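Good morning, everyone, and thank you for making time for this.

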Amino acid sequence: MPPRLHLFAARSVTFRPKPSASSQSFTPPAVLQQRTASDDVSKKPATTPVAPGTKAPYQDQLPHVTEEQAALDKSMGETPPDIEQGTPVQEILRRDKDAQEKAPKVLKDDLKKPSPPGTRSYSTAVERPLPSQNNARVEFRDMKVVGLDYPDAGFGHKFVLPDIQGMTKLDNFRSRYDPVVDQVTKSIMRHGKLSRAQSNMTTILDILRTAPVPSAAGNEQSSTGTERSLVSTVPREALPLEPVKYLTAAIDSVAPLIKIRQQKGIMGGGASLPLPVPLGLRQRRRTAIQWILAAADSRRELTLAERVAKEVINVAEGRSSAWEKRQRVHRLAISARANIRIAAGGRRIKKKAGSR
């Protein structure tokens, strides 16, 4: 059977020529003239007649938001805001002399005219009775307030201004808290977590406030015969009512007056000489706080705030170990007070022959 596809046979290609311009459709001139005549405005039917003065929607200017609020409040039965309140340009120009020179001529002529009687004034001048001057009038003159003359506070001030001559930039931050509370807070702070220390300090003061009145049974005489009295400006019965003074009284009562410093090189042979050294107020309180915290660590309460608060109560009642540490330091200072003269002279103590 012969194949149907002849690969070597000649093939004919159909050619379609491009249509000529004469075959394109065109509009006769008569039709164009007829179409142009139909677009004439004069031959169109008239629109619906509109009465004169009628406005289209969105043609009027919208009212201000204050006017809308005033209309809404009036419809709801509430007191609408006073939209007429304000200070006109004339009142501002009367107070500002420099602006009067640069103002237009129309405003200058308006300022010269007297205001008719019965008109409302929008001046910012206010009449108010003062404590020391019942008939005084407060007003603005040349951008200054006239009428606020208080003899104790000075011109233009109602209260006495603070003395800021000796103040520094950090005085505001340093005086935020009580000095004793701030020192105890920094002492119980661990790992730089100040907010947690402040929370514990708040709990300590709360425990002191709700605690009963400290008893005076242990404050009479100690085992060594030394009196353990609580130094406080507040009576013992009123201490829980003021926890800050409660804490201050406990710390100041157990704070030592001096410390023992070992001076080397005076005794000879490598021995040191004990010398009593006086302490300042902040140093005394720091030593007392360290003693109280050391005694609180040996207590069995769960939280740090509760252990410290209970130890402060023990200090107020004379049953804390901080009292014994204070008495020990004072006894050593009394026995070593003769060494102050030796250290001041700077001479070395020579051992006698035959002494060990």
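This is a predicted model: local features need pLDDT of at least 70, side-chain atom pairs count only at pLDDT 80 or more; totals for chains, interfaces and linings use all residues.

Residues are numbered from 1 along each chain as its sequence is written, and side-chain values use heavy atoms, with hydrogens and water left out.

What do I mean by a cavity? On a 1 Å grid over the protein atoms alone, a cavity is a set of points where a 1.4 Å probe fits but cannot get out, and a lining residue has an atom within 4 Å of a point. Rolling a probe the size of a water molecule over the atoms shows where empty space is left. Grid points are joined across faces, edges and corners, and the volume is the space filled by probe spheres set on the points. By this rule there is one cavity of 30 Å³ or more, and the largest cavity has a volume of about 60 Å³.

Which helices supply its lining? H9, H10 and H11 each give at least two residues to the lining of the largest cavity, and the largest share, three residues, comes from H10. The lining divides into eight nonpolar residues, no polar and no charged, where Ala, Val, Leu, Ile, Met, Phe, Trp, Tyr, Cys and Pro count as nonpolar, Asp, Glu, Lys and Arg as charged, and the others, Gly among them, as polar.

Now to the core. A nonpolar core is a set of buried Ala, Val, Leu, Ile, Met, Phe, Trp, Tyr and Cys residues joined through side-chain atoms within 4.5 Å, and buried means under 20% relative accessible area, with exposed over 50% and partly exposed in between, using a 1.4 Å probe and protein chains only. The largest such core has 36 residues, of which Val184, Ile204, Leu247 and Ile251 touch the most other members. Helices H7 (179-188), H8 (194-210), H9 (243-254), H10 (281-296), H11 (304-317) and H12 (321-335) each supply at least two residues of this core, and its largest share, seven residues, comes from H11.

Let us look at two of these helices in turn. Nine of the 12 residues of H9 are buried, so H9 is largely enclosed by the rest of the structure, and what covers those buried residues includes H7, H8, H10, H11 and H12. For H11, 11 of the 14 residues are buried, so H11 too is largely enclosed by the rest of the structure, and its buried residues pack against H8, H9, H10 and H12.

Within H9, Ile251 is one of the buried residues. Leaving aside residues up to four places away in sequence, Ile251 touches Val180, Val184, Arg285, Ala288, Ile289 and Ile292, a contact here being heavy atoms within 4.5 Å.

Is Arg285 buried or exposed? Arg285, in helix H10, counts as buried because its relative accessibility is 14%. With the sequence neighbours up to four places away left out, Arg285 touches Val180, Gln183, Thr248, Ile251, Asp252 and Ala255. Gln183, for its part, is found in helix H7 and is buried at 7% relative accessibility. Arg286 is also in helix H10, but Arg286 is exposed, with a relative accessible area of 51%.

I will finish with a loop and the whole chain. His191 sits in the loop between H7 and H8, has a positive phi of about 60° although it is not a glycine, and is exposed, with a relative accessible area of 77%. The chain has 13 helices and six strands, and buried residues make up 24% of its 356 residues.

Conventions. Helices (H or I, at least four residues) and strands (E, at least two) are DSSP runs, numbered from the N terminus. On a 1 Å grid over the protein atoms alone, a cavity is a set of points where a 1.4 Å probe fits but cannot get out, and a pocket is an open set with protein on both sides within 12 Å along at least five of seven lines; lining residues have an atom within 4 Å of a point.
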